[in-house]
Each structure stands twice: as C-alpha cells, then as structure tokens.
Amino acid sequence: MKKKLTGRCSCGGVKFEVQLPAKFVAHCHCNNCRRAHGAGFVTWAGFKDEQFVLISGRETLNEYATETDATRGFCGECGSPMFFSSPRWAGEIHVAVAVIDGDLEQLPTACVYADRAPNWCPAPADLPHRGGESGVEPIA
Ligand SMILES: [Zn+2]
Ligand SMILES: [Zn+2]
C-alpha cells in the first residue's frame with residue numbers, strides 16, 4: 001500500500017488525505033501566494049486529483065477565484081489557506097505542505113518565482129531558482 005498522509009485546517013473543520021508520492025514539492029515566492037498566505041513564501045506539494053480525498057468540510061471549504069483563473073481553497077471558519085488549483089495544472093491539486101500532518105517524505109526541489117522574493121525573505125540559496133514570466137524558467 002502506498003503511504004497516505006492526512007491534513008487539516010486550524011479548526012479541524014476541513015480534513016483531507018493525500019496519497020504519496022507528490023508529483024513535486026516546491027517553494028513558491030510569487031506575490032499572490034505571499035498575500036494569500038500572509039507568509040514570506042508558500043511550500044506546495046502537487047498531487048493528481050485522484051491522489052486527493054476531502055474527508056470532511058465540503059460545506060466549510062471556501063474557494064476564491066483569482067484574477068489568473070486559479071482557485072484558492074481556504075477554511076471559511078478559521079481562514080487557513082490550504083489548496084490551489086488552476087487550468088495551468090489541470091487535473092492537479094496543490095496542497096500547502098504546512099497544513100499536512102507530519103512530514104512528507106519528499107523535500108522541496110526548487111524555488112519558483114524566485115525572482116519575486118522580497119528582500120526580507122529571500123529564496124533559499126541551496127535550491128535551484130526558477131522565475132521569469134512563467135515563474136518556472138531556470139534563472140541564475
Ligand atoms: Zn478551519
Ligand atoms: Zn505562488
């Protein structure tokens with residue numbers, strides 16, 4: 001059996017389960033993630049839709065449709081930002097690693113939108129930096 005991990009929001013209203021391994025784990029330094037999560041950057045793990053199960057909280061889970069056609073899922077009760085999906089990554093859900101219980105077996109392998117990191121929270125130097133218009137082009 002493949003390993004599964006659970007996760008939840010602060011109040012526990014929204015609970016989910018993901019099946020490992022994640023397709024990727026990466027830090028995102030874009031302005032939208034920074035603002036949505038109130039944090040220097042957000043560490044995301046990407047899963048295929050079929051690797052993700054919402055256990056509870058369908059009625060509590062709110063979705064914010066962004067200007068970029070993406071959807072950000074958060075708990076309407078406690079406000080925890082949790083999920084991201086977009087037509088750019090159709091069939092995938094990106095889960096904020098911070099709301100997963102326990103450690104993923106995988107560590108982040110890249111910093112995306114690294115050129116948008118603010119000076120008060122630079123992208124970690126020990127990971128490959130990606131950026132440019134798409135956010136994922138290799139940069140120095
Ligand atoms: Zn909650
Ligand atoms: Zn981002």
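Modeller: What follows is a look at strand 9 and its neighbours. This is a predicted model, in which local features need pLDDT of at least 70 and side-chain atom pairs count only at pLDDT 80 or more, while totals for chains, interfaces and linings use all residues. Residues are numbered from 1 along each chain as its sequence is written, and chains are lettered from A and ligands numbered from 1 in the order in which they are written.

The protein holds 1 helix and 12 strands, where helices (H or I, at least four residues) and strands (E, at least two) are DSSP runs numbered from the N terminus. Within it, strand 9 covers residues 92-96, and because 4 of its 5 residues are buried, strand 9 is largely enclosed by the rest of the structure. Here a residue is buried if 20 or more other C-beta atoms lie within 10 Å of its own, exposed if 12 or fewer, and partly exposed in between, with C-beta atoms placed from the backbone.

Two strands are said to pair if DSSP finds at least two bridges between them. Strand 4, residues 42-48, pairs with strand 9 in the antiparallel sense over 5 bridges, and Phe-47 stands opposite Ile-93 of strand 9. Strand 8, residues 81-85, is also antiparallel to strand 9, over 2 bridges, and Phe-83 has Val-95 in strand 9 as its bridge partner. Strands 8 and 9 form a hairpin with 6 residues between them, and in the turn Gly-91 has a positive phi of about 80 degrees. Across the whole protein, buried residues make up 33% of the 140 residues.
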